Each structure stands twice: as C-alpha cells, then as structure tokens.
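Please read the following report alongside the sequence and the three-dimensional view.

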Amino acid sequence: MMSIFYYDKTFDGLLSVVFDAYKIKYFPQALLGEGDVEPMFMERGHTTVTDPNKSDRVWAALCKKLSKQALNHIHHVWQSERPEADYLIFRYIRKVIDSPHSIETDFTDEDVMSMLQLAKKVSKDTMHLIEFVRFQKTKENIFFSPVAPDYNALPLALHHFIDRFADQQWALYDIRRGYGFYYNLQRVEEITLPDENTLINGNINPMLLAEDEQKFQKLWRNYFKAITIVERINKRQQRQHMPARFWHLLPEMQN
Amino acid sequence: MKESLLHKLTILAESAKYDVSCSSSGTTRSNKAGAIGNTSGWGICHSFTEDGRCVSLLKILLTNFCLFDCAYCVNRRSNDIERVAFTPRELAELTIEFYRRNYIEGLFLSSGVIKSPDHTMEKMLRVVKDLRTLYHFNGYIHMKTIPGASQELVHQAGLYADRLSVNLEIPLEQDLKLLAPEKDHQSVYKPMHYIQQGMVQNLEDRRKFRSAPRFAPAGQSTQIIVGAAKDNDKDILHLSSALYQRQSMKRVYYSGYIPVNTYDKRLPVVKDPCLKRENRLYQADWLMRFYQFNANEILDDKNPYLDLDMDPKLAWAIRHPERFPVDVNTADYATILRIPGVGVKSAKMIIMARKHGRLNLDGLKKIGVVLKRAQYFITNNELSHYTIHEATPEYVKSVLRDTPLLPSPAQQQLSFGFTE
Ligand code: SF4
C-alpha cells in the first residue's frame with residue numbers, strides 16, 4: 001500500500017509538501033504531479049496546494065541547518081529534472097529536519113551521497129555551458145547562442161553570464177527545452193522563440209548574423225588550429241575534456 | 001576580411017604555442033559597472049585542441065621578431081622565418097571580440113625581444129594598458145616578463161596584469177648559458193624578485209589603503225623545459241621547490257622539449273617529446289603543492305629520476321612500507337593524504353564522514369577511494385589481513401604499476417570547477 005502526495009511539480013510546491021507532511025504527521029512514499037495516473041494500491045492521497053508561506057518557512061528552517069553549499073546542491077538536484085529527484089530531495093530534507101545534528105557530511109548515507117552525486121552531474125553540465133557557449137553576433141547586435149544541456153542547467157549558469165557580459169546584449173537559448181533568456185543590458189527575461197526561421201536545425205539562421213561575424217569565427221578557427229602542437233596529438237584526451245556532443249555548437253570544430 | 005590580420009594571427013599563435021604556462025586561475029574579480037568581463041578564480045577552459053590541451057587564454061606573441069638566439073626556440077634570430085607584428089590596437093580588438101563570443105578568458109601576451117628587453121616590455125604594456133583603460137576590459141591578463149626587464153617596467157606591468165611570468169626554461173645555469181647565450185639566471189631571477197617585491201609592497205599598501213590598486217593578484221608563474229639539457233628530475237624538482245618558497249610563485253610549468261631546431265648540435269636528438277616524464281613531474285609538483293610532500297621525499301641522490309611506470313606517490317609508499325598500514329578512522333589528515341588511492345577530496349571527505357560513525361570499506365568506496373590501490377595500505381577488519389607487509393612491496397609494485405592515479409594537468413584545471 002502506497003501513500004501518495006500530489007503537488008504542482010514546482011520547487012515551492014515540493015517545499016509545501018514537506019510543510020504539509022510535518023503538519024499532518026503523515027509522510028508520502030511517492031510524489032505525483034496533479035493529474036498523474038494514480039497507482040493501483042493507493043492508501044491515501046493528499047493534495048498539497050503550493051503556498052509561498054509554507055515553502056518560505058521550510059526553506060528558512062533548512063537555511064539554519066545546512067551550509068550554503070548543501071543548499072546549492074538542493075537547487076542543483078531540483079534542476080536535474082530527473083523523475084526521482086523530487087522524492088530524493090524530500091527524503092534528504094526529512095533527514096536534515098529529523099536529525100539533531102548536521103547530516104550533510106555523512107557520506108555513507110545513501111541519500112546524502114545520491115544528492116551529492118546528482119548535484120555534481122548538474123554542476124558539471126553547468127560548467128560545460130560556461131565553457132562551451134559560443135555567442136554569435138546578430139545584425140541587431142545581440143550575442144546569441146543556442147545551447148543543449150543534458151539537465152535544465154541554464155538557469156544555474158545565468159549568474160555567470162550576467163556578471164561577465166554586462167555591457168553587451170545577449171541571449172542563451174535551450175534548444176532542447178524550447179526556452180531561453182535574453183539580457184537587455186538592464187535585466188534578464190525569459191524568452192521563447194515562436195518564429196521557426198530564427199533557428200535552423202538548432203543553429204541560428206545565418207541570414208540574421210552581423211556582417212563581421214563570419215570573419216571572427218574564421219579568425220578563431222585559424223587560431224585554434226595554429227596553437228595545436230602536432231608532435232603531441234592526443235585526440236582521446238581532447239574528446240575526454242570536450243565531449244563530441246558539444247562539437248556541433250563550436251565554430252572551431254567545424255571545417 | 002583583412003587577410004593580413006588572419007595571416008599575422010596564424011604566425012604569431014604558432015610561435016606562441018610552445019609556452020605551456022597558460023591558465024586563467026588565481027584571481028576572482030567581478031565585473032565593474034560599464035566594463036566587460038570578470039575573472040573566475042578557477043581557470044575555465046573554453047576549448048581543447050587536438051593535442052588535448054586546454055584553451056583558456058588568447059595565447060599570442062606581439063611579434064616573433066627576436067634579437068636573441070636561444071637554441072630551443074623557433075623564433076631565434078638565426079632562423080629564416082617570416083617575421084610579423086601586431087599593432088596594439090589590432091591585438092586589443094581581437095581580444096575583446098574573442099572574449100565577447102565566449103571563446104576565451106582573456107589574453108596571454110608574450111613577445112620576441114625587439115631592440116631591448118625594456119623596449120619590448122613598453123610595447124607589450126601598451127596593449128595591456130589599452131585593454132584595461134580604453135576598452136574597459138576586466139577579464140584575465142597574463143603578461144610575460146622579458147628576461148632583463150627593469151624594475152620600473154615590471155612594476156607597471158603588475159598594475160595591469162593578473163599574472164606575470166618569467167620563464168626559467170633551462171634548469172641549470174651552465175646549460176642555460178650554453179643554449180641561450182644572451183640569457184643567464186640573473187636575468188630571470190631579477191624580474192622574478194621584482195614581482196615578489198611588488199606583491200609584498202602591495203599587500204602593505206592595501207592594508208593601509210583598501211582602495212590601493214592590486215599588483216599581479218594572481219601572482220607569478222614560470223616554465224621549465226624538460227629534456228633539452230642534461231638536468232635530471234631531482235634537479236628540476238628541487239628547483240621548483242625552491243621557487244615555491246616565494247609566496248608569489250603560484251605555478252611551475254613543465255614543458256617536454258620538442259625539437260624545433262634539429263640542426264643545432266648543442267641540443268639532444270629526441271624522437272618523441274618526453275610526455276611521460278613531463279606528466280610524472282606534474283604529479284610530483286602536485287604532491288609538493290597539495291599533498292604536503294617535500295622534494296627530498298620524492299627524489300634524492302640515490303633516486304634522481306621519477307619512476308616512469310608508477311606515479312610518485314605510489315613509488316614513495318612502496319619505498320616506505322614502515323609508514324603503513326594506516327587506520328583511516330583515527331589517522332590525521334596528512335597521514336591519510338599519503339595513502340595511495342586517496343585524493344585530496346576523498347581525504348577531506350573521510351575526515352568529515354568519520355564524525356558520523358566508523359567508516360567501513362563500503363563507505364570508503366562511496367567516498368571515492370580507489371580500493372584497488374588503497375587496500376594494501378589501510379587497516380581494516382573486513383579484508384583478510386593482506387597489507388603491503390604480507391603482500392611484500394615487490395608484489396604491490398607489480399600489481400599496481402602504471403595505473404595513473406593523479407589526474408593529468410589539464411584535468412586538474414577542470415576539476416577545480418566543483419571543489420570550490
Ligand atoms: S628570447 Fe624568447 S623569443 Fe627570443 S629566441 Fe629566446 S626564447 Fe625565443
């Protein structure tokens with residue numbers, strides 16, 4: 001027999017689930033989204049209504065008990081969007097709340113370790129964005145880059161790009177998830193591109209590019225070739241650090 | 001497209017590529033209003049060339065024209081090659097355009113020696129100053145210091161660059177004099193010393209005035225060419241260890257000699273670059289910087305060369321069975337660090353995790369300890385008692401040799417991404 005909580009599959013919703021569970025002293029064995037098909041042997045279903053008052057209180061409680069790094073891990077795991085992620089976070093938070101002392105360094109605990117490992121994967125994906133984004137300048141002077149991270153890591157990388165490229169307009173677009181962010185020199189807004197002429201096969205339509213864009217790509221490609229030391233060729237190592245799945249977005253890897 | 005720019009870029013990148021001291025780590029600086037760029041503390045690689053090396057900075061010479069005649073260098077005076085030079089404006093613009101596209105973390109500027117070391121430094125400074133003041137570039141800048149440069153110019157460079165470096169290139173002075181007649185160790189150590197002084201002075205200034213401009217906040221680095229002269233690994237490691245005594249010295253880079261001037265009879269004949277040896281030196285360097293080893297422990301007069309089949313940490317452990325087995329549940333951090341199969345990260349995790357209860361083999365595995373290696377060096381009641389003493393050092397050596405434990409230099413840089 002399974003006890004189930006339903007919620008709206010938002011992060012605030014998940015924290016509200018935690019709040020409810022402690023309030024009614026009843027803990028789910030699975031979490032489902034509203035409208036998900038219910039399993040056959042269901043014991044009891046509770047539907048949590050997302051409420052910022054509840055989620056804020058839970059988050060505040062976590063802030064008291066966890067380091068900044070561990071709080072970050074929770075965000076990373078959430079952004080993984082893995083089906084098991086929300087219930088993993090739920091179990092982790094329960095352990096944090098129930099234990100009189102900090103559990104975040106108990107690396108022999110399965111949930112602590114699973115959190116760490118999944119957070120690490122998402123963090124790596126975020127790093128790959130920071131490394132391998134390649135902006136292309138459009139006629140309207142916007143530096144644009146399509147991206148295709150494995151996890152929903154784009155929001156986690158935003159801060160880096162905002163700080164670094166504060167004096168240029170730019171946009172990052174997740175072609176896998178069909179949304180992105182645009183920075184207009186003041187703030188960042190979320191965007192979707194309705195016009196299918198903007199992107200062709202996941203890359204920006206060449207008609208939209210600034211006149212000198214090809215020139216700089218060519219310079220970069222040449223530079224990239226010129227600094228290779230032929231006596232030390234090691235393509236295995238190249239692939240290891242720069243997995244082939246990113247190559248289609250890198251001008252230096254196009255001939 | 002201006003064909004000449006492409007042409008210059010190609011030539012001046014090709015002549016800069018052998019300098020390996022190229023990372024962008026060491027400074028964290030967020031953006032300023034109206035400026036472009038920040039620096040991130042840990043180096044970010046933006047690409048990897050076919051040789052597997054990280055591309056982080058635009059590594060380039062201002063010019064490949066050179067007065068000097070160093071035997072190991074493509075740009076030496078007596079080589080008949082095409083000589084070109086960038087204007088400061090060309091180079092600054094190229095840096096900015098590459099940076100805006102997220103190709104690079106910043107600039108690594110070097111140059112052949114034109115007229116005199118100081119004249120060259122002035123030319124290079126023009127580029128770096130323009131980038132900072134005219135283009136409001138706030139990203140990473142690494143500037144080479146030309147051997148023989150004056151204190152005044154080194155000082156100015158430090159006010160604009162994040163990192164400065166003077167390359168030692170040849171570890172033993174008599175070899176340097178033979179191979180690079182215009183250079184001696186003094187011409188290298190003096191600017192190194194100016195950099196050190198600049199940093200110490202700056203620390204003091206900033207204590208008094210918090211707004212005092214920072215001087216080379218990412219410190220200095222240097223490069224040693226491996227295998228171009230008769231030096232052994234012990235000479236090299238002891239030299240590095242002495243260099244690391246200066247607190248401003250952040251990295252010593254090792255570059256396996258690649259024969260570019262085969263006609264020069266002063267140089268050894270080599271078929272392949274000694275990449276294995278270079279890698280072992282990086283591992284040994286890593287041990288000195290992060291594993292609390294000193295150079296004497298790694299190599300001495302009896303063992304002047306690193307074992308090519310074994311990483312230096314394992315080699316040390318096998319030479320010192322009396323230091324094992326170690327009980328991970330009670331030993332201190334420094335002792336745990338010395339166990340083969342345990343890295344810096346897992347050692348730290350062991351210390352934290354054991355507060356929650358006894359660590360068993362499964363726990364160690366979860367933490368990331370490589371048990372295949374560690375098993376001979378730890379005490380443990382789950383394994384049948386088979387440590388390095390029962391197994392004998394010879395046996396352990398035969399089963400564990402040549403399985404690289406420490407990451408390669410390129411990976412080291414990447415791994416900083418997560419360990420904050
Ligand atoms: S001074 Fe530098 S560029 Fe000139 S020959 Fe010597 S190593 Fe090469």
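Tyr386(B) lies in the loop between α14 (371-374) and α15 (388-391) of chain B, where helices (H or I, at least four residues) and strands (E, at least two) are DSSP runs numbered from the N terminus. The residue is partly exposed, with a relative accessible area of 40%; buried means under 20% relative accessible area, exposed over 50%, and partly exposed in between (1.4 Å probe, protein chains only). Together with Tyr395(B) and Val399(B), Tyr386(B) forms a nonpolar patch on the surface, with about 250 Å² of accessible area together. Such patches are made of residues with over 30% relative accessible area and no salt bridge, like charges being joined within 9 Å and nonpolar side chains (Val, Leu, Ile, Met, Phe, Trp, Tyr) within 5 Å. A salt bridge is a side-chain nitrogen of Lys or Arg within 4 Å of a carboxyl oxygen of Asp or Glu, and accessible areas come from the Shrake-Rupley method with a 1.4 Å probe, only the protein chains shown counting as cover for residues.

This is a predicted model, in which local features need pLDDT of at least 70 and side-chain atom pairs count only at pLDDT 80 or more, while totals for chains, interfaces and linings use all residues. Residues are numbered from 1 along each chain as its sequence is written, chains are lettered from A and ligands numbered from 1 in the order in which they are written, and side-chain values use heavy atoms, with hydrogens and water left out.

Strand β5 (residues 57-61) of chain B is mostly covered, five of its five residues being buried. Leu57(B), Lys59(B) and Leu61(B) point one way from this strand, Leu58(B) and Ile60(B) the other way. In a regular strand the side chains alternate between the two faces of the sheet. Strand β9 (residues 220-226) of chain B is likewise mostly covered, with seven of its seven residues buried; Gln220(B), Thr222(B), Ile224(B) and Val226(B) are on one side, and Ser221(B), Gln223(B) and Ile225(B) on the other.

The table lists strand pairs, two strands being paired if DSSP finds at least two bridges between them.

| Strands | Sense | Bridges |
|---|---|---|
| β5(B) and β6(B) (residues 106-110) | parallel | five |
| β8(B) (residues 163-165) and β9(B) | parallel | two |
| β9(B) and β10(B) (residues 249-256) | parallel | seven |
| β7(A) (residues 179-183) and β8(A) | antiparallel | four |

Lys59(B) stands opposite Phe108(B) in β6(B), and β5(B), helix α2 (residues 88-100) of chain B and β6(B) make a right-handed β-α-β unit. A crossover is right-handed if, with the strands pointing away from the viewer, the path from the first strand over the helix to the second runs clockwise. Ser165(B) has Ser221(B) in β9(B) as its bridge partner, while Ile224(B) stands opposite Tyr254(B) in β10(B). From β9(B) the chain crosses through helix α7 (residues 233-243) of chain B to β10(B), in a right-handed β-α-β crossover.

In chain A, an open sheet of five strands has the order β4-β5-β6-β7-β8, with mixed pairing. Its edge strands are β4 (136-137) and β8 (188-191), each pairing on one side only. Phe181(A) has Glu190(A) in β8(A) as its bridge partner.

How far apart should the ends of helix α8 of chain B be? At 1.5 Å a residue, the 16 residues of this helix (residues 275-290) should span 22 Å, and the end C-alpha atoms are 22 Å apart, which agrees; the expected span is 1.5 Å times one less than the number of residues. Among the buried residues of α8(B) are Leu281(B), Trp286(B) and Met288(B), and the helix is followed by Gln292(B), whose phi is positive, near 60°.
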